[in-house]
Amino acid sequence: MGCSTLYHLAQHGVNDAILVERNQLTSGTTWHSAAQVRALRSSRNLTDLIRYSIELYSKLEQETGQHTGWINKGSLSIATNPDRLTHIERQAALASSFAVRAESIGRAEAKERWPLMNDEDVIGAVWSPDDGRVSPSDLCAALSKGAKANGARIFEETAVDGVVTKNGRISGLETNRGPIACDAVALCTGLWSRQLGAMAGVEVPVWPCEHFYLLTKPVDGITGNMPTLSDHDSHLYIRDDSGGLLIGCFEPMGKPIDPERLGKNFAFQLLDEDWDHFEPMMVHALHRLPALENAEVKMLLNGPEGFTPDGSFLLGEAAETRGLFLGCGMNSVGVASGGGAGMALAHCIQHGHVPMDLHEVDPKRFSSAVNSVEALTARVPEVLGKHYEISYPGRQWSTARNLKMLPLDGRWREIGAHMGQFFGWERPLYFSKTKEPKLTFGRPDWFDQIRYEVHLAHEKAAIFDQSSFGKIEIQGRDACSFLNRLCTNEVDRTPGRVIYTSMLNDRGGIESDLTMIRLSEELYRLYVGTNNIKRDLAWLRHHRRADERLTITDCTLDYAVLGLMGPDADEIANTVGAKELRSLRYFWADHSEIAQYPILAARLSYVGELGFEITCNVAHALPIYEALYQAGARPAGLLAQTSMRIEKQFLAYGHELDTDISPLQAGLGFSVAWDTDFIGKPRLLAQRDQGTRGNIISVVFHDQHAVPIGNEPVVIDQKIVGKTTSAAFGHRIGAPIALASIDETSHWTNSNRAEVDIAGTLFGVDLVDGAVFDPKGLRMKRC
């Protein structure tokens, strides 16, 4: 990552960039990397980073004269059970939408591609011809040579002793060879990044685990280079190595190791072999490769690698300190991603933003709660273990839980809440005093309970706990002008108005979508997504001008938010003493009382039913909930809310919305005030003049048994034109549904044949321009 970032900075004319290395290049983790390069990732942009890596690695030798060891022999993923087959066929379908070559093949062809493999239990496979591998040390030599040729400098044996900041910004480094003055620092320091980040007041949740692979001496049948064999049901990856075999694993539960144990001089070193730990993987390997029984072992390599709490790496500017950039926590994909990730990090350093939306790896996605030693040492072994796990819908982490509790957490658990973790918060997914569900790609165990909770909100009244939403107060004489500069909608409204708006970057992409209430002439309260609080706070603070008279306060922990939704909401509000709410107009807020406790209620809904979002002091949440419950409301969870918001075509950040998508492309033009001057307006004006239209549509499946989960290709007249972004069963309309992002150039009507590819099976669908559910009575508007 460091060499790639330096290479790209130098390539783009940054001639004062230097790299400092505590020991020697590649001496930490890089030198012992297995260096697999697999093209497909979970999003188009992450896939494009690896696609860029492949292109770079294949041409670097010609550019620099330095061999990189790039070998393009493809990879073979096998399945030994039906769910694994569904998993890899979903990957193949996704690959087709990203223009990555992947082909589902049968057992016989899989055997032809890997003759040494025992195929007796193989039921299918996917062949990916574009994958390959590289020599990591040679690659770094080529990158560093290319960087030096363009004026960059590298200082080895140079340890960083301190990071110098001034007024919240980077101003230099202290090293064992003297100080360095600079205005930007990128930490590409792998498993040591947490300690270095702390020097700058930055949280870097990275922790190492031991990672194993076995090397053998030459084995009969290994002739030349072969594809990588991925036997993920056995937790293994297998390839040739110098005529022998390399057998690596991501065992079900890894072994964390404290970086302090490694010491400052851990260079070109390995950890002790641990045959007891590796033995179960060896049993799997012997089953898959009978020839291994007679192979002579060269060594069991055990090297430390850095992991993050969610299995995705960190790339971008830190929230806490301007000019401190992170390119670390690579979760064993550092070589595969490094070429593209280094390019993206260099772009971020030079231009202030990454070249495409990469919210999945934004360092600001983590709560402080996961950065403790206790949380990291509990979580990262599971992260390693899930590296090859089947990606079932509804999958949750089992470790490092209960870090942040909602005010009503105790009550939710009493009545059987099944919890999910979001930004460290435990949130109710659904309520049922049943055992933990069995995960599946079919209709989930919680299906009937979600139907019940949806109908509570549709026919009576449901309570949704939204207390994990971020709450930010902007107060002061310049609060209004400040927010009007950052937000697309007009915020200079009468106190009491609720405002839905976006905040944009200068490319017109959505950095955040949020709701705010103007509480007084000089006070606004912003309600932002649970996962977005850290990045939204950073965005607001970074764009505040020195002369603007205002304060920005994170008050998330001060308030609880309960959504009261359903046709009985008005009557329940009247029953509990909040009579004022019955006359409250849509997108207005007012103060009242429930059970004699003060509240602020806003008339709006994220589920397409009549209702209010009720804000109260956290200490009053329980008696207010009890009053609503006694008046007839019942709790409902996040999965019911998701089903309902998809039916109503309400968009979610990270699904339909991101930094590459503008409000016009998302169909949110109604939230743009064209007579105000806001960040990103010139780009929106250009789009408006070009006739840009919304490309988010609703999808209704013909087959009741289809189970879309998102990220499935949308096919019109046998051509892939987009993919689903959110999916659920629509209980109010009685059909599986999805939202989808469609290519702007595709001109379609419902006379076209439309399908969605779920794991290689095409399901017929109707495409709907707008919401498939309208609470006023019009349930479905087909094109």
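The crossing of helices H1 and H9 is right-handed, a term used when the near helix is turned clockwise from the far one by less than a right angle. In this predicted model, local features need pLDDT of at least 70 and side-chain atom pairs count only at pLDDT 80 or more, whereas totals for chains, interfaces and linings use all residues. Residues are numbered from 1 along each chain as its sequence is written, and side-chain values use heavy atoms, without hydrogens and water.

Contact (heavy atoms within 4.5 Å) joins Ser4, Thr5, His8 and Leu9 of H1 to residues of H9 including Gly338, Met343 and Ile349.

Across the whole structure, 13 aromatic pairs are found, a pair being rings of Phe, Tyr or Trp (its six-membered ring) whose centres lie within 6.5 Å, classed as stacked under 30 degrees between planes, edge-to-face over 60 and tilted otherwise. The rings of Tyr392 and Phe441 have centres 5.2 Å apart and planes at 40 degrees, so this pair is tilted. Both Tyr392 and Phe441 are buried, meaning under 20% relative accessible area, with exposed meaning over 50% and partly exposed in between (1.4 Å probe, protein chains only). Tyr586 and Phe587 form an edge-to-face pair, with 4.9 Å centre to centre and 70 degrees between the planes, and Tyr586 counts as exposed at 51% relative accessibility.

Notes
Helices (H or I, at least four residues) and strands (E, at least two) are DSSP runs, numbered from the N terminus.
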